[in-house]
Amino acid sequence: MKKMSIKNNVSWVGKIDWELRRFHGNEYSTHRGSTYNSYLIKENKVALIDTVWGPFAREYVDNLSAVIPLDQIDYVIANHGETDHSGALPELMRRIPDKPVYCTANGVKSLKGQYHQNWNFQVVKTGDQLDLGGKKLIFVEAPMLHWPDSMFCYLTGDNILFSNDAFGQHYASEYLYNDLVDQEELMAECIKYYANILTPFSPLVGKKIKEVLALNLPVDIICTSHGVIWRSNPTRIVEKYLEWAANYKENQITILYDTMWEGTRIMAEHIAHGIKSSDQDVNVKLFNVSKSDKNDVITEVFKSKGIVVGSPTINRGILTAVASILEEIKGLRFGGKKAAVFGSYGWSGESTKILSEHLEQSEFQMVGDGLRVLWNPDEEGIRQCFEFGQKLSGQLA
Ligand code: FEO
């Protein structure tokens with residue numbers, strides 16, 4: 001697909017990447033691929049909003065030149081400098097080197113830092129407008145949604161918000177509209193994207209959305225830079241973001257662990273039985289983090305009111321898979337969640353203390369001192385795990 005009409009003179013001219021399985025290097029799993037959305041607005045003046053990831057630069061610019069002679073583009077808008085949206089700029093600007101590139105001051109730093117080019121940068125701030133000959137683009141800086149250089153822009157007349165990464169998902173679809181795709185898949189990708197990318201910035205997300213809503217601009221369509229375009233009830237995703245930004249939690253307890261010789265796995269399962277025996281309604285999920293997709297696990301942590309983390313002791317430390325997910329959790333700065341720890345041991349038994357320290361540093365509210373069981377749990381050890389779980393069901397509420 002080279003071009004898809006969205007409304008009046010606005011078209012999608014991006015790239016659907018069905019093959020993508022890893023994003024941000026290897027940091028983010030993309031089970032359903034992604035899209036890099038780029039938009040062309042052909043009013044009296046012609047504006048291009050964002051481009052695509054570098055590996056598709058040539059294909060993108062060739063396609064774009066089939067849609068419009070490139071010298072007819074008056075303005076290039078770079079809402080965000082990250083390379084999945086700016087990667088085709090070098091190829092594009094090689095062909096139209098003098099055209100102005102509109103971005104934030106931080107956008108200039110980011111684009112210059114990556115591509116080492118002195119393009120005709122035009123720095124914009126919140127409230128600045130670009131006249132397209134009747135309709136206007138209004139710029140809104142959106143720092144830390146999710147980079148310091150991020151911004152939105154809004155097209156008057158057509159009432160379209162171009163939100164860049166905000167409200168996006170890594171979700172490849174030829175439909176490209178929110179009302180046409182599988183709703184469960186869509187919302188699963190939305191919450192995963194929020195949990196893994198936007199969680200650290202939740203206080204700013206809530207604030208920025210309220211600031212944009214206060215502008216009282218009618219929004220008929222939200223054009224994101226990844227995944228579907230929100231044309232049916234676009235406020236639904238905005239409301240979801242407000243909900244997710246406010247220390248979101250469901251009635252879920254997630255148990256994360258790794259195990260060497262099954263002792264810690266047995267503990268995890270009996271802790272889960274204990275929790276369920278005290279609370280039939282709570283959704284208890286278990287993940288051996290060494291066998292699970294990291295980003296899917298993070299999404300489950302995001303949905304949880306509490307987590308229980310387990311590792312046996314190895315070399316006076318914890319297993320690396322658990323250490324790795326705890327490092328990820330620390331960076332994401334979840335708010336308003338509780339945590340407890342457990343682990344089996346054979347000799348020195350430091351794991352629970354180390355797990356507690358990690359989680360305290362990550363601002364989880366710790367409950368109890370954790371549970372240690374020597375060697376593989378026997379009948380008494382299993383009883384302790386079960387009772388530990390029973391107590392946790394109340395403590396993690
Ligand atoms: Fe989709 Fe922050 O780039």
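These questions and answers cover a helix pair and a domain contact in a predicted model. Local features need pLDDT of at least 70, side-chain atom pairs count only at pLDDT 80 or more, and totals for chains, interfaces and linings use all residues. Residues are numbered from 1 along each chain as its sequence is written.

Q: At what angle do H6 and H7 pack?
A: H6 spans residues 202–214 and H7 residues 235–245. Helices are DSSP runs (H or I, at least four residues; strands are E, at least two), numbered from the N terminus. Axes are lines fitted to C-alpha atoms over the stretch in contact, and angles run from 0 to 180 degrees between N-to-C directions. The axes lie 8 Å apart, at an angle of about 140°.

Q: Which residues of H7 does H6 meet?
A: Contact means C-beta atoms, placed from the backbone, within 7 Å. H6 contributes Ser202, Val205, Gly206 and Ile209. Their partners in H7 are Val238, Tyr241, Leu242 and Ala245.

Q: How many charged residues are in the contact of H6 with H7?
A: Asp, Glu, Lys and Arg count as charged; Ala, Val, Leu, Ile, Met, Phe, Trp, Tyr, Cys and Pro as nonpolar; the others, Gly among them, as polar. The contact has six nonpolar and two polar residues. The charged count is none.

Q: How far apart are the centres of domain 1 and domain 2?
A: Domain 1 covers 4–245 and domain 2 covers 253–395, with bounds from an automatic or database domain assignment. Taken over C-alpha atoms, the separation of their centres is 39 Å.

Q: Which element supplies the largest share of the side of domain 1 that touches domain 2?
A: Nine residues of domain 1 are in contact with 10 of domain 2. Strand E5 (28–29) and helix H5 (183–198) each supply at least two residues of the domain 1 side. The largest share, four residues, comes from H5.

Methods
Two residues are in contact if their C-beta atoms, placed from the backbone, lie within 7 Å.
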